[in-house]
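Subject: Structure for you to look over

Hello,

I am passing on the structure we spoke about, with notes on what turned up in it. Please read them with the model open.

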Amino acid sequence: MLIPDLQTPPHQIFAFLHQMQSKAVFLESSVPHPDHGRYSIITSSPETEVYLHNGILHVMEEPPIPGNFEAMARVVRSWLNKYPEMKSATPPPYFTGGVIGFVSYDINRYLYDGHQVGKVSSWPEGCFRLYRWSLVYDHQQQQYSVHGVPPFDIRELNRISENRAQTEASPRLSEVHPLSSYKEYLEQILTIQEWIRRGDVYQVNLTRQFECFWNTDSCAHIHQSTGRLYQLLRKHNPAPFSCMFPLMNGQYILSSSPELFFSLKQRHVTLRPIKGTSPRHADPIHDQTSRDFLWNSSKDQAELLMIVDLERNDLGKVCEFGSIHVPQIKTIESYASVHHLVSTIQGTLRQNLDVWDLIRALAPCGSITGTPKLRAMERIHELESFARGIYTGNIGWIDFWGNACFNVAIRTLLIEENRLMFNTGGGIVIDSRPEQEYQETLDKARGIQLALTQWNHS
């Protein structure tokens, strides 16, 4: 149902629901992409929830049981098959109901049993919630539609004030600091390049972690603050696959990702891996020079082609023979802080398979691991002292038809009680220059850093 008289921007509606409704979720295209970022989705008050943590499956109002990726998939499949009445004759191109959730990078502990490819952390390896309603904003038509029955009077949304008063002063943030030094990161890069010379790997995606702290331990204060911080993140690092997803126990995901992991629409699969980065500049001439450098960089193009080849092979495990193709081998997309090289890969999912088979075949995304994928993941496990958790995992939705859309959780701020953390990194190849790779981690962090800096001045 269309809501022609609702004029409040989606991020303001979500800010309201984040305070008023249980487990409100926002999947936002804060930089709408014509093909893959046209819609922003808001929902709240899930009917049920499942999450997997350290081998234990937790389903709302049921006792915990031992579990793994397949057990979580079975639970979600049963939910989606339970409501045939939710399907209309023609599925829309956006989420109207189904599940929203994530698989973390550390889900790989279950997908690659017997290999050291993920770590135990305080974050779930996967979490999905069943939502039977959604409020959808079409950025192209600049119009809202509501699907299902919201747990509140939709007319309340027209009464949202654009300048709602803050009930509490904002907690201050400590200074952001990295967990690895400049010297340590460069030494890791040199180690990877030695492995490459030996033929052990061809590319490894190496990341750094940063952290800071709020000067409060009030759960209510932190909950309110996360909503306001997301507004700053979307301002300084707008992206087509952004989201805000509150978990449990004081955990929140604030993502401003530019990267699509995959979309699945009526068995048609699209991947859009990112590989290759150059910084943005305020001066247009300098900015164009940076863009041109990226376009002509043989090193960045080699990185991208390696990942395209890897992901074509991954798709081959689950797609119809002869259906996999690369309609766009290389393009540039520009965001607030960086330019990126992007490819598009497509295929047709086999009839006897579903989105969970697709996740198993593709995860983790090749752009955040390296080649060969499994060996690169083992080397990441060896070099990175921290668990990646949600970072470089995938956040998105699966609807009642089995259609789906997931991002790659990069440019993502994770909040756990009063600790805030985020990671940045890049693909290391034989031609990588360590000092430039270090600078790239700072370029990618710029949007999040600006949001955190402004927080202390707001």
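**The S13 and S14 hairpin**

Four residues lie between the strands in the hairpin of S13 and S14, and Asn249 there takes a positive phi near 55 degrees. Please keep in mind that this is a predicted model.

Phe26 has Met244 of S13 as its bridge partner.

S13 itself (residues 241-246) is mostly covered, with six of its six residues buried. Both of its faces are covered: one side carries Phe241, Cys243 and Phe245, the other Ser242, Met244 and Pro246, and all are buried.

**Aromatic pairs**

The whole structure holds 17 aromatic pairs. One of them is Phe102 with Phe245, an edge-to-face pair with 5.7 Å from centre to centre and 85 degrees between the planes. Because Phe102 lies in strand S7 and Phe245 in strand S13, the pair ties together parts that are 143 residues apart in sequence. Both residues, Phe102 and Phe245, are buried.

Trp133 and Phe152 form another edge-to-face pair, at 5.6 Å centre to centre and 85 degrees between the planes. Trp133 is in the loop between strand S8 (126-131) and strand S9 (134-138), and Phe152 in the loop between strand S10 (143-147) and strand S11 (177-178), so this pair ties together parts that are 19 residues apart in sequence. Trp133 and Phe152 are both buried.

Trp133 is also among the residues touched by Thr96, together with Arg132, Ser134, His147 and Trp401, not counting residues up to four places away in sequence. Thr96 lies in the loop between H2 and strand S7 (98-103). Its relative accessibility is 10%, and since buried means under 20%, Thr96 counts as buried.

Ring pairs also link Phe69, Phe128, Phe261, Phe262, Trp356 and Phe406 into a cluster.

**The nonpolar cores**

The largest nonpolar core has 70 residues, and those with the most contacts inside it are Met72, Phe128, Phe262 and Trp356. Helix H2 (residues 69-81) gives the largest share of this core, eight residues. Apart from this core lies another, of 39 residues, which include Phe14, Ile154, Leu157 and Phe210.

What is Met72 in contact with, leaving aside its neighbours within four places in sequence? The residues are Val50, Leu52, Leu57, Val103, Ile107, Gly126, Cys127, Phe128 and Trp356.

**Helix H6**

Helix H6 (residues 284-296) has 13 residues and reaches 18 Å from its first C-alpha to its last, close to the 18 Å expected at 1.5 Å a residue. Its buried residues are Asp287, Ser290 and Leu294. These cover an arc of only 60 degrees around the axis, which means that they sit on the same side of H6. An α-helix has 3.6 residues a turn, so residues three or four places apart point the same way.

The buried residues of H6 pack against strand S17 (274-279), helix H7 (298-316), strand S18 (325-334) and strand S19 (338-348). Pro284, Ile285, Phe293 and Asn296, on the other side of H6, are exposed.

Regards

Definitions and conventions. Residues numbered from 1 in each chain as written. Predicted model: local features only at pLDDT ≥ 70, side-chain atom pairs only at ≥ 80, totals over all residues. Heavy atoms only, no water. Core = buried A, V, L, I, M, F, W, Y, C linked by side-chain atoms within 4.5 Å. Buried < 20%, exposed > 50% of the residue type's maximum accessible area, 1.4 Å probe, protein only. Helix = DSSP H or I, 4+ residues; strand = E, 2+ residues; numbered from the N terminus. Contact = heavy atoms within 4.5 Å. Expected span 1.5 Å × (residues − 1). Arc of directions from axis to C-beta. Pairing = 2+ DSSP bridges. Phe/Tyr/Trp six-rings, centres within 6.5 Å; stacked < 30°, edge-to-face > 60°.
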